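Q: I want to learn to read a model like this one feature by feature. Can we start with confidence and then move to the fold?

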Amino acid sequence: MASRAQNHLQKPPKQPPRILKKQWSIDDFEIGKPLGKGKFGRVYLAREIKSKYVVALKIIFKEQIEKYRLHHQLRRELEIQSSLRHPNVLRLFGWFHDDERIFLILEYAHGGELYKELRKFRTFSEEQAATYIASLTQALAYCHEKHVIHRDIKPENLLLDHEGRLKIGDFGWSVQSRSKRRTMCGTLDYLAPEMVENKAHDYAVDNWTLGVLCYEFVYGMPPFEAESQKDTFRRIIKVDLNFPSTPQVSPEAKNLISRLLVKDSSKRLALEKIMDHPWIIKNANPIGACWN
Ligand code: AK6
């Protein structure tokens, strides 16, 4: 008893919180099952041994980064991303490296990839679609405020947490998306006309992509899908938008889509206005989670 009282009187040793001091290493983690292959590396389920905290650990080979001379860009992007804190933006908790590899400590989204859900159910209900669009809108408004733009917000990059909340799980870097555009088919689908035409672009590219996603969530396919890249390109720059008669979609949803898929980027509905749109007000779950 006496010793405890004495301890109580002792000044606690001045020590910065563990999280700030900590230099992570691979030995701090137990590695689990692979979660997938991303650009420049693989992602594994992992657990920080001491705290038992479950994370996603992305392993990037330095050789790859050096080959594409991405070292400075990667560093800068990681600094920015680790400062982002939003319930709908996947967290980057930190990073460390050894001789050959760079490790990113990422938030683990237990619900997995949104596009798998979309493929499974083909379409989402308007309530679910509006909830995802509202979550995305808020995440993007936050990112724009922090001057982070051109997020690669196609369904493959959207994750769901254990409560069904949407998380933007990936980030579109200019270098990344340029190389992707050359090597991957179908990625044109989500790009704004000014981007496919290689013109100057700004925050409004994300508003276009919201329109594309909203369409895909309710119709089950992106609006400008075509046999070839060339045809998709043509349909995007013409804004060749049509609404099939099935599945049946409310006029309010079509209205929102039409106000986002506008060629003139300055005339696209602003993010704040999306949150006030009747379709969002009527359908979105304000908690931002969907329990099916
Ligand atoms: C997968 C899941 C979680 C997580 C904040 C690399 C880079 C050159 C990121 C990145 C930050 C940076 C990078 C990637 C991500 C992801 C899926 C998302 O690689 N940067 C090389 C330049 C830049 O996020 N994000 O990779 S990994 C995760 C799954 C699968 C199921 N549940 N939860």
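Q: Among the elements of the protein chain, which helix has the lowest mean pLDDT, and which the highest?
A: pLDDT is the predictor's confidence in each residue, from 0 to 100. Helix H7 (residues 174–183) has the lowest mean among the elements, 36. Helix H11 (residues 251–260) has the highest, 98. Over residues 172–184 the pLDDT is below 50, yet this stretch has 25 contacts in the model beyond near neighbours in sequence. Contact means heavy atoms within 4.5 Å. The model is predicted: local features need pLDDT of at least 70, side-chain atom pairs count only at pLDDT 80 or more, and totals for chains, interfaces and linings use all residues. Residues are numbered from 1 along each chain as its sequence is written, and side-chain values use heavy atoms, with hydrogens and water left out.

Q: What share of the residues is buried?
A: Buried means under 20% relative accessible area, exposed over 50%, partly exposed in between (1.4 Å probe, protein chains only). Of the 292 residues in the protein chain, 46% are buried. For contacts between residues at least 6 apart in sequence, 62% join residues at least 24 apart.

Q: Which strands pair with E3?
A: Two strands pair if DSSP finds at least two bridges between them. Strand E2 (residues 41–48) pairs with E3 in the antiparallel sense over seven bridges. Strand E5 (residues 101–107) is also antiparallel to E3, again with seven bridges. E2 and E3 form a hairpin with five residues between them, and Lys-52 in the turn has a positive phi of about 65°.

Q: Why is E3 largely enclosed by the rest of the structure?
A: Six of the eight residues of E3 (residues 54–61) are buried, so the strand is largely enclosed.

Q: What is the order of the open sheet of three strands?
A: The order is E6-E7-E8, with antiparallel pairing. Strands E6 (112–113) and E8 (166–168) stand at the edges with a single partner strand each, so one side of each has no neighbour in the sheet. Three bridges join E7 (residues 158–160) to E8. Leu-159 stands opposite Lys-167 in E8.

Q: Which helix lies across E7 and E8?
A: Axes are lines fitted to C-alpha atoms, for helices over the stretch in contact, and angles run from 0 to 180 degrees between N-to-C directions. H6 lies across E7 and E8, at about 35° to E8.

Q: How many aromatic pairs are there?
A: Rings of Phe, Tyr and Trp (its six-membered ring) pair if their centres lie within 6.5 Å; planes under 30 degrees apart count as stacked, over 60 as edge-to-face and the rest as tilted. The count is 12. One of them is Tyr-132 with Phe-217: edge-to-face, 5.9 Å centre to centre, 70° between the planes. Tyr-132 lies in H6 (residues 126–145) and Phe-217 in H9 (residues 204–219), so the pair ties together parts 85 residues apart in sequence. Tyr-132 and Phe-217 are both buried.

Technical notes: Helices (H or I, at least four residues) and strands (E, at least two) are DSSP runs, numbered from the N terminus.
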